[in-house]
Amino acid sequence: MKELLLVAVGMSAMLAAGAGRAQDVGAKNQPGAGKAVLRPGMELSVPLRDAEAPMVVYLPSNYTAEAKWPVVFWYHGVETGPSTEFVRRHTGGRDFVVVAMSFAGVNTVRSEKEHQAYLARERANYQLARLWVIQHANVDQSRFYLGGITRGGWLVGMLCDLEMRNLA
């Protein structure tokens, strides 16, 4: 039986403005003039189609290309942005690739049709992020986890219904 990591806690205050990214991550790798590369213990911002902000990808400090790594896709809460800090705080920055996801636009759903269209955009962004991570890091595709808080927790519940076959 598959295990499912579903973290849906109402703790947006933990990631409220001012919490920011932990300093121990070091300088952030920003895409720009040169090709940005993922490096152990560092974050990389990667634009996603239809997302409010780039996703933030963190390789664990003990990452080596010789091993396959589990991945946590983390969805932030209301009034915060993509951050790997919450997951890194619990893992000590080790053992998991962390992908902090952004939402695919504002959720102003008022009808079932709008709800389905919104979920389709979110699912497409998750699938793009998943593909990007598979192409850029040595990951264990049988150990992909979704987690989130507040709005992110709600979205994780919706995505789990749609993506169960692709989750650990």
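Select Arg88 and Glu43 first: both residues are buried, a term that stands for under 20% relative accessible area, with exposed meaning over 50% and partly exposed in between (1.4 Å probe, protein chains only). The model is predicted, so local features need pLDDT of at least 70 and side-chain atom pairs count only at pLDDT 80 or more, while totals for chains, interfaces and linings use all residues. Residues are numbered from 1 along each chain as its sequence is written, and side-chain values use heavy atoms, with hydrogens and water left out.

Now display the side chains of this pair. Arg88 and Glu43 form a salt bridge, with N to O at 3.8 Å; the term requires a side-chain nitrogen of Lys or Arg within 4 Å of a carboxyl oxygen of Asp or Glu. Because Arg88 belongs to helix H1 and Glu43 to strand E2 (residues 43–46), the pair ties together parts that are 45 residues apart in sequence. Helices (H or I, at least four residues) and strands (E, at least two) are DSSP runs, numbered from the N terminus. By the rule for salt bridges, the count comes to 3.

Remain in helix H1 and select Glu85 and Arg89. Their salt bridge has its closest N and O atoms 3.5 Å apart. Both residues lie in H1, 4 residues apart, which is about one turn of the helix. An α-helix has 3.6 residues a turn, so residues three or four places apart point the same way. Glu85 is buried at 13% relative accessibility, whereas Arg89 is partly exposed at 40%.

Next, select Ser83, in the loop between strand E4 (69–75) and helix H1 (85–91). Its relative accessibility of 9% makes Ser83 buried. The side chain of Ser83 reaches the backbone nitrogen of Glu85 at 3.2 Å.

Move on to Arg143 and Asp140. A salt bridge joins their side chains at 2.9 Å, N to O. Arg143 is partly exposed at 32% relative accessibility, while Asp140 is buried at 16%.

Finally, select helix H2, residues 112–136. Its 25 residues reach 36 Å from the first C-alpha to the last, close to the 36 Å expected at 1.5 Å a residue; the expected span is 1.5 Å times one less than the number of residues. Among the buried residues of H2 are His115, Tyr118, Glu122, Arg130 and Trp132. What covers the buried residues of H2 includes E2, strand E3 (55–58), strand E5 (97–101), strand E6 (139–149) and helix H3 (151–163), where contact means heavy atoms within 4.5 Å.

Notes:
Polar contact = N/O pair within 3.5 Å; in protein donor to acceptor, adjacent residues only side chain to side chain.
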